[in-house]
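Here's a quick walk through the strands, charges and rings of one structure. Have a look at it first, then read on.

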Amino acid sequence: FFLKKILYTFIGDYMKVKVFDCDNEKDLEECVNEFIIDKEIMDIKYQIALEVSGEEQLYCFSAMIIYISG
């Protein structure tokens, strides 16, 4: 825990966030994979949202990538 806190304090100024929002999981997968090729990734958060409008279902696939900028 202590070492993790020191590392986050030290690299906190270099951390950045990128958010992706796509209509389907395949597009999200392609966007995320292309983005992370040359990045040092700290964490990836993934979420799916669903909205029902009448008989239509709308999906939103999103990911937030926390990475270290160099």
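Predicted model: local features only at pLDDT ≥ 70, side-chain atom pairs only at ≥ 80, totals over all residues.

Lys39 is partly exposed, with a relative accessible area of 29%. Asp38 itself counts as exposed, at 62% relative accessibility.

The other contact is with a ring: the charged end of Lys39 sits over Phe35, 4.4 Å from the ring centre. So what does Phe35 do besides sitting under a lysine? That comes up again with the aromatics below.

## The other salt bridge

The structure holds two salt bridges. As a reminder, side chains of opposite charge can pair when their charged atoms come close.

## How the strands line up

Strand β3 (residues 56-68) pairs with strand β1 (residues 15-22) in the antiparallel sense, over eight bridges. Within that pairing, Val19 stands opposite Met64.

β3 also pairs with strand β2 (residues 40-53), again antiparallel, this time over 13 bridges. Glu40 has Ile68 in β3 as its bridge partner. β2 and β3 form a hairpin with two residues between them, and Gly54 in the turn has a positive phi of about 65°.

## Rings that bring it together

The structure holds three aromatic pairs. One of them is Phe20 with Phe35, an edge-to-face pair at 5.5 Å centre to centre and 70° between the planes. Phe20 lies in strand β1 and Phe35 in helix α2 (residues 25-36), so this pair ties together parts that are 15 residues apart in sequence. Both Phe20 and Phe35 are buried.

Phe35 also forms an edge-to-face pair with Tyr67, with 5.2 Å between centres and 80° between planes. Since Phe35 belongs to helix α2 and Tyr67 to strand β3, the pair ties together parts 32 residues apart in sequence. Tyr67 is buried, as is Phe35.

Which residues do the ring pairs link into a cluster? They're Phe20, Phe35 and Tyr67. Lysines turn up over two of these rings: Lys18 lies over the face of Phe20, at 5.6 Å from the ring centre, while Lys39 has its charged end over Phe35.

Methods
Residues numbered from 1 in each chain as written. Heavy atoms only, no water. Pairing = 2+ DSSP bridges. Helix = DSSP H or I, 4+ residues; strand = E, 2+ residues; numbered from the N terminus. Salt bridge = Lys/Arg side-chain N within 4 Å of Asp/Glu carboxyl O. Buried < 20%, exposed > 50% of the residue type's maximum accessible area, 1.4 Å probe, protein only. Phe/Tyr/Trp six-rings, centres within 6.5 Å; stacked < 30°, edge-to-face > 60°. Lys NZ or Arg CZ within 6 Å of the ring centre and 35° of its normal.
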